[in-house]
Amino acid sequence: MSALDEDWRADLDDIDAALVDGYQSGFPVVERPFRTVADDLGIDETEALDRVRRLRERGIFRRFGAVLNPPVIGSSTLAAVSAPEDRFREVAEAINGYRQVNHNYRRDHEWNMWFVVTAASKAKRDSILGEIESRTGCDVLRLPMLTDYYIDLEFPVVNDDAFARESLAATDASATRISEESVGDLSELEADLLVEIQDGFPLSATPYRDVADAIGAEVGAVVDAVERLLADGCIKRIGCVVNHVVTGFDANCMVVWDVPDDELDERGEAVGELPYVTLCYHRPRRPEREWPYNLFTMIHGREGDAVDAKIDELAAEHLPFDHERLYSTETLKQTGARYDELVSAGS
């Protein structure tokens, strides 16, 4: 049963709906952002702030603040292990014990545990993966992102859509290469700022001033730094981060495809522009691990049947290649990347 069946929208009015669907990004980078939002919505600043607080308390928003971009700031990889069922919890506990592991999911596949490791450098990242192999006795499938075609979990949820962006016509996609050697080329102010905001902004009328006070900086300098980090891609967006599970989008499937290498960019960009594809990126094949897949897509929906139907459409009309469907069946860990680990190359 999805959260939609519990009618989470029952007591939301049009202004709440506008906040949920209209402010997942683009939140003003000004000293009093809620005043600007309130003016847009025809309410006062206090009411705008109170509504966001209430939506967060209800779990509709995970947090208010910046969505950061770990691969730009540090070195990140998706990884997987095939954990024996009788040791599954033991292996999960060992992996989740690393602060640098920020997501971990059980998926319905031989490689049944999928997690993300993000560290300040490739050397540190690979050292952690080596430790995980030693501690668990499980081989690690290492799949760093090589090309980002489209990654965006922002989509309207105050609706009856069966899958993400059902009501939208298209999205914009492009091939962006990702370096495994990325390190945070940050000023001291930017580093302090990222650590301070990694769990969200203060829910106050003056969040940027509060952050500035916390790190001992001028508010103008903090606002300027946020603008730079947005322009550089270290921050993907600023707004209210929706909890997709609470809003009913709890059927998500990662589909992996064996796409001819000479067609990869063309296919990746075309598929990334399909509105129901929430993530699309290139990761390496690992033939030594019997892993032939190089294109990853993600589809989010409220019902598994609707998601499967879109995958069928994707295979029939856009990606006529061998593929596998890896549904997530359990969340083992879900946190933001720890930026105190990323902003120092020695971490």
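This report walks through helix packing, aromatic ring pairs and charges over rings in a predicted model.

## Helix H9 and its partners

Let's start with H9, which spans residues 219-232 and packs against H7, residues 188-197. Their axes are 10 Å apart and meet at an angle of about 85°, which makes H7 roughly perpendicular to H9. On the H7 side, the contact is made by Leu189, Glu190, Leu193 and Leu194. H9 answers with Ala221, Val222, Ala225, Val226, Arg228 and Leu229. Sorted by class, that contact has eight nonpolar and two charged residues, with no polar ones.

H9 also meets H8, residues 207-215. Here the axes come within 8 Å and cross at roughly 110°; because angles of 65 to 115 degrees count as roughly perpendicular, H8 and H9 get that label too. H8 brings Tyr208, Arg209, Val211, Ala212 and Ile215 to the contact, while H9 brings Val219, Val222, Val223 and Val226. The tally by class is eight nonpolar, no polar and one charged. Val222 and Val226 of H9 turn up in the contact with H7 and in the contact with H8.

## Aromatic pairs

The count comes to 12 aromatic pairs. One of them joins tyrosine 23 and phenylalanine 27: the ring centres are 5.7 Å apart and the planes sit at 70°, so this pair is edge-to-face. Both partners are tucked away, with tyrosine 23 buried at 11% relative accessibility and phenylalanine 27 buried at 3%.

Phenylalanine 34 and phenylalanine 64 make a tilted pair, since their planes are at 55°, with centres 5.2 Å apart. This pair links distant parts of the chain: phenylalanine 34 belongs to helix H2 (residues 33-41) and phenylalanine 64 to strand E1 (residues 61-68), 30 residues apart. Relative accessibility is 0% for phenylalanine 34, so that residue counts as buried. Phenylalanine 64, at 3%, counts as buried as well.

## The ring cluster

Which residues do ring pairs link into a cluster? They are Tyr23, Phe27, Phe34, Phe64, Phe201 and Tyr208.

## Charges over rings

Two arginines are worth a look here. Arginine 106 has its charged end over the ring of phenylalanine 88, 3.6 Å from the ring's centre. Arginine 283 lies over the face of phenylalanine 296, and in that case the distance to the ring centre is 5.6 Å.

Conventions: Residues numbered from 1 in each chain as written. Predicted model: local features only at pLDDT ≥ 70, side-chain atom pairs only at ≥ 80, totals over all residues. Heavy atoms only, no water. Axes fitted to C-alpha atoms, helices over the stretch in contact; angles between N-to-C directions. Helix = DSSP H or I, 4+ residues; strand = E, 2+ residues; numbered from the N terminus. Parallel < 35°, antiparallel > 145°, perpendicular 65-115°, else oblique. Contact = heavy atoms within 4.5 Å. Nonpolar A, V, L, I, M, F, W, Y, C, P; charged D, E, K, R; others polar. Phe/Tyr/Trp six-rings, centres within 6.5 Å; stacked < 30°, edge-to-face > 60°. Buried < 20%, exposed > 50% of the residue type's maximum accessible area, 1.4 Å probe, protein only. Lys NZ or Arg CZ within 6 Å of the ring centre and 35° of its normal.
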